[in-house]
Amino acid sequence: MSTEPTYYEILGVEKTATPSEIKKAYYKLALSCHPDKNPNNPQADEQFKAIGEAYGILSDEEKRKHYDMYGKEGLDDGDNEVNMRGMMRMLFGAGAFDDCFGELSLAQMMDDRPESDESGVDEQMKQFEKQLEAQKGELVEALSAKLKLYAENKKQFEQELEEDIEEKKSSPGGAALLRTIGYVYREEAKLHAKKFLGIGSVIAGGRQKFHNLSNGVKAVYSMASLQAKAQQMEKEEQARADGKGRAVDEEKEVLQQAQFMQRSLDTLFKVGSLEVEHVCRDVCETILKDTKKDVRKQWCEGLETLGLRYRKAGKAAAKEEKKQKDEDRKKLEEDLKKQIHQKHEMETQAATVTATTTTATTTPPTSAPAPTSPTGTATAATTLPADDAPIILGA
């Protein structure tokens, strides 16, 4: 009987769990096992993948039905592999930012690979574009509702904003996403506000282009660096397989793989963040360009307020995350020092014991002189343990 945990056990839910319960369990685990929150835990990446795999199956009604009936064997080839949609969703807020950028097309394109024939590709692309357009409509509606609330009831807007920020900042990648979206909202508000018409609008637009170019260069550099590292690891592995490479300690190899996985996730986040910015800008421009002047002024104020608050919360959360990471790293270093010290002490003790044993077995015993009587005649002495004084027997 297999001891491998079921998808339900991985998410910590019953087999009868509702879609809502599965979703809540997934979000909670995604947050606790996110690699950013566990930088010194090599197992965190594997746990992160397992949670994404489990959610990818149990959140799909058809796949869940097959899984319940036949187990993993009942799934189509590839269904029980880590899907990019689940991975990207976990990296980018685990659903907490659905009202800001929705599902990233990057993940959909990686998962829904086009058919081999040209007609199949065209059909899939058309379907893909329809999905993006429908999602954009939902995002426009969600942001419009927030800006409308700001214009009509600032007190309620503040109350709902506090709850919104609290949920977002505690989600996976929340700190970085809040800063990114906050930046976009502020820049778009300035770009469309009345005071930024004319030369101001040109300056704001130029700043956005420079920002986009800078982030694009960083993402490209990260991908190139990651590819070079992957090729290096592949060459080293091939050399070891051919008996030409240097042997690598197993623990060190696991650590290197964990570090490579972390770099992969970081690069994926940088690339995905470019799309997050693009989607948020597109939504803002769609809303503000078609709004009347008097309404647009208030909505730009609301958008800038939203951006300021998001960015401020993101910076604070990032500071806390850095503090926690530093504490975890310090604790890990202290634990390693203790382990090294204990290992050194054990090695020293073992060396001392070995040296003592060697000396005892190689040095011949020294014979004590025969005791004599007062008359000078040798006498016999009883043999006693070394700790006891010899007893002299008289003539």
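Predicted model: local features only at pLDDT ≥ 70, side-chain atom pairs only at ≥ 80, totals over all residues.

Trainee: OK, so is Ser171 buried or exposed?

Mentor: Ser171 has a relative accessible area of 5%, so it's buried.

Trainee: And where does Ser171 lie?

Mentor: In the loop between α8 (154-169) and α9 (174-192).

Trainee: What is Ser171 in contact with, leaving aside its neighbours within four places in sequence?

Mentor: Leu31, Gly93, Ala96 and Phe97.

Trainee: Switching to α2. Which of its residues are buried?

Mentor: Ile22, Ala25, Tyr26 and Ala30. They cover an arc of only 130° around the axis, so they sit on the same side of α2.

Trainee: What's on the face turned away from that buried side?

Mentor: That face of α2 carries Lys24 and Lys28, which are exposed.

Trainee: How far apart are the end C-alpha atoms of α2?

Mentor: 20 Å. Helix α2 has 14 residues (19-32), and at 1.5 Å a residue it should span 20 Å, so the two agree.

Trainee: Next topic: at what angle do α2 and α3 pack?

Mentor: About 165°, with the axes of α2 and α3 (residues 43-58) 10 Å apart. Angles over 145 degrees count as roughly antiparallel, so that's what α2 and α3 are to each other.

Trainee: Is the crossing left-handed or right-handed?

Mentor: Left-handed, as α2 passes α3. On the α2 side, the contact is made by Ile22, Lys23, Tyr26, Leu29 and Ala30; α3 brings in Phe48, Ile51, Tyr55 and Leu58.

Note on methods: Residues numbered from 1 in each chain as written. Heavy atoms only, no water. Helix = DSSP H or I, 4+ residues; strand = E, 2+ residues; numbered from the N terminus. Expected span 1.5 Å × (residues − 1). Buried < 20%, exposed > 50% of the residue type's maximum accessible area, 1.4 Å probe, protein only. Arc of directions from axis to C-beta. Axes fitted to C-alpha atoms, helices over the stretch in contact; angles between N-to-C directions. Parallel < 35°, antiparallel > 145°, perpendicular 65-115°, else oblique. Left-handed = near helix turned anticlockwise from the far one by under 90°. Contact = heavy atoms within 4.5 Å.
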